[in-house]
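Work through the exercises below on aromatic rings and their contacts. Each task is followed by its solution.

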Amino acid sequence: MSSSQEQYKKLQNDIRNHDHAYYILDDPEISDGEYDALFQNLLKIEIDNPEWITSESPSQRVGTKPETDFVSISHRKQMLSLANAFNEKDIYDFHERIIKNLSDAPKLRYFCEPKMDGAAISLVYENGILIRGVTRGDGTVGEDITSNIRTLKSIPLALKESNDAFPKMIEVRGEIFISKVDFLNLNSAAALEDQKVFANPRNAAAGSLRQLDPMVTSSRPLAFFAHGIGACDGSTFTSLEELFKSFAGWGLPVNQLNRSVDSIELCLEYFQEIERSRDKIPFEIDGVVFKVADIAMQNNLGEIARSPRWAIAHKFPAEEATTEIVGIDFQVGRTGILTPVAKLKSINVGGVNVSKCTLHNIDELQRLDPRVGDQAVIKRAGDVIPKMIRVIPLKKSRGLSVSIPKSCPCCNSKVVTNSQSDWHVLSSDNKLLKKFSSLYEANEYIENHSSQGLVIDEKKINSPFIKCSGDNLCPEIIQGKFTHFVSRKAMDIDGLGQEILATLIQKKFVKEYADIFKLEEHRIQLASLERFGEKSVDNLIKSIRLASKVDLFRVVYSLGIEEVGETTARNLAMHFGEFNELSDATFEELLTIQDIGPRVASKIKDYFSERGNQEIIENLLPLLEIILPKSKDEEGSKLRGLQIAITGKLTSMSRDELKDILLENGAKVTSSISKNTSYLVAGENAGSKLTKAKELDVKILEENDIGSFLNDPKKFF
């Protein structure tokens with residue numbers, strides 16, 4: 001091999017490594033521009049030397065010629081189905097059968113995996129080169145989808161060389177899936193183009209794999225996890241732990257939530273942990289799989305019918321149910337957004353009785369087209385608000401489609417589109433140069449390029465939301481704003497529930513936020529109202545007094561500024577230190593704050609620029625004793641710059657309480673683990689976060705370390 005060919009092979013390998021870092025590890029090592037330069041260099045070499053091109057070259061992922069049909073291919077080893085378990089008894093019965101069939105076996109270990117809700121495939125590698133991708137089919141025969149499989153950048157065309165030599169031939173079994181976020185984006189894009197939307201991520205993944213044109217598959221956000229093997233020549237694995245370690249070494253993506261355990265009780269704990277965190281897992285799962293970890297034991301156990309004796313799927317309880325739609329209304333939120341809500345014949349879904357379901361926005365309403373009398377399929381996962389996933393139309397005499405209201409159902413004000421704008425900077429010949437989400441940034445760009453004769457063109461972005469134009473003339477908007485203001489994470493005023501607030505607003509005791517802190521002046525009148533009495537009024541006044549001494553970030557959050565959540569409010573409070581500094585902040589200074597971009601900065605500026613809001617604040621602030629955050633030099637910021645995550649159950653305090661303490665001391669509390677995480681606080685039953693933290697060498701704090709850590713964090717650096 002010539003030196004030029006060696007350089008070409010090295011370039012191929014470098015690109016594969018960068019693909020692995022980007023698509024599998026989510027940790028790119030070079031910029032997009034640098035990657036593009038490498039790829040262009042590869043293409044140039046292959047144009048000059050077409051005889052060098054092989055099937056595993058990164059340039060050969062997408063074929064140019066669509067298939068005319070899929071060819072049937074027999075699997076070298078059958079792709080088996082899994083028996084299902086639906087409760088703990090089923091799992092213990094499975095364990096007892098294993099022990100009975102392995103009477104002289106040593107202690108059992110189980111390998112636990114989330115059960116992916118995607119499309120099963122088999123990848124055939126010969127001497128480390130991908131030669132075929134096949135659908136599961138009937139388990140014996142599947143369809144050859146190699147051209148489509150080659151478009152997935154998470155699937156290596158050539159296995160990486162590692163300490164574990166790859167076999168002469170191996171069938172890698174796994175699952176093709178689409179993440180929840182990518183699925184939503186895929187359907188949103190399809191809806192904008194008036195194309196068919198998919199019912200669920202599993203259907204989207206399966207449908208994307210069976211496209212005759214590989215370019216269509218290439219355009220879909222498909223991902224892959226390896227979870228087992230079929231036939232294998234030239235290599236022997238003793239355990240699933242060893243197999244998955246080899247997978248990772250060869251560049252095959254594996255699920256980081258997988259775990260080995262030493263007892264069936266720990267299998268059940270794993271199931272409970274995954275079920276609790278199901279909503280936070282970025283892809284759809286419908287249970288977990290338990291496998292005997294020792295491969296020799298698997299071989300001894302064998303299979304029955306079309307299922308292995310050594311594995312079982314523990315399915316989650318049914319979270320879908322079908323019920324009748326009895327009505328559809330529009331509700332008004334505190335920002336004025338009108339949300340369509342379906343009223344349902346009450347039904348139990350996932351252990352909770354459901355009688356209504358939000359339809360989110362106009363796009364979703366039109367996509368589902370629900371009508372009174374239709375049947376609706378409702379899904380609920382964990383503690384998430386129930387979601388209508390599809391409608392089964394009434395076959396005869398179907399009701400009328402829902403009309404979009406032209407006026408607010410509460411105050412009769414005109415309904416307007418909640419439009420947003422992009423600001424396009426155009427050249428003198430009307431060519432688009434840049435897009436901005438704020439007019440300020442667009443103007444600043446023009447000022448810095450004034451010699452080019454640039455102009456700004458405002459482009460309205462279609463929004464799926466409609467909004468009441470009544471603002472503070474709308475009772476529902478007013479109610480929503482006050483409910484948010486007194487909520488636990490805002491001013492935290494105990495005793496001011498929605499019904500009491502509604503009474504106070506209706507009786508004109510409360511017209512603006514400041515009036516809440518003047519209610520003591522109306523003690524006698526309040527005691528005479530329905531639902532009130534002297535004792536309840538005393539308790540309410542006491543709660544209001546306590547709430548008047550309040551942290552700055554709570555005041556900021558309680559105002560209900562659009563796009564300003566709890567974390568952003570804390571960042572604003574820590575940065576500015578005083579309320580007036582925040583309200584007078586420039587757009588440029590807001591942009592320097594963590595997690596604040598042009599859109600959020602614009603919302604903050606707009607809020608403090610409105611005279612009505614200024615008057616509300618001027619009346620409110622003198623009635624509060626605002627606790628200012630400690631400065632950067634004070635002890636309260638001793639955790640500044642640290643990113644801390646929390647997992648597991650804490651016994652000495654709640655996780656929210658610990659979060660508040662860490663934030664007050666300047667730390668950033670994150671919900672996930674990454675290479676930027678400084679510490680993980682691990683309580684009881686810590687799961688996948690703890691595993692990932694150990695893999696990334698993140699420092700671990702146990703619950704009994706918390707006190708010492710807060711007193712002197714430097715000891716733990």
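**Exercise 1.** Over the ring of which residue does the charged end of lysine 699 sit?

Solution. The model is predicted, with pLDDT of at least 70 needed for local features and 80 or more for side-chain atom pairs, while totals for chains, interfaces and linings use all residues. Residues are numbered from 1 along each chain as its sequence is written, and side-chain values use heavy atoms, without hydrogens and water. A charge sits over a ring if NZ of Lys or CZ of Arg is within 6 Å of the ring centre and within 35 degrees of the ring normal. The ring is that of tyrosine 679, with the charged end of lysine 699 at 5.9 Å from its centre. Arginine 570 likewise lies over the face of phenylalanine 553, 3.9 Å from the ring centre.

**Exercise 2.** Classify the aromatic pair of phenylalanine 482 and tyrosine 513.

Solution. Rings of Phe, Tyr and Trp (its six-membered ring) pair if their centres lie within 6.5 Å; planes under 30 degrees apart are stacked, over 60 edge-to-face, the rest tilted. The structure holds 17 aromatic pairs. In this one the centres are 5.3 Å apart and the planes at 80°, an edge-to-face pair. Phenylalanine 482 lies in helix α13 and tyrosine 513 in helix α15, so the pair ties together parts 31 residues apart in sequence. Helices (H or I, at least four residues) are DSSP runs, numbered from the N terminus.

**Exercise 3.** Is phenylalanine 482 buried or exposed?

Solution. Buried means under 20% relative accessible area, exposed over 50%, partly exposed in between (1.4 Å probe, protein chains only). Phenylalanine 482, at 3%, is buried; tyrosine 513, at 7%, is buried too.

Conventions. Helices (H or I, at least four residues) and strands (E, at least two) are DSSP runs, numbered from the N terminus.
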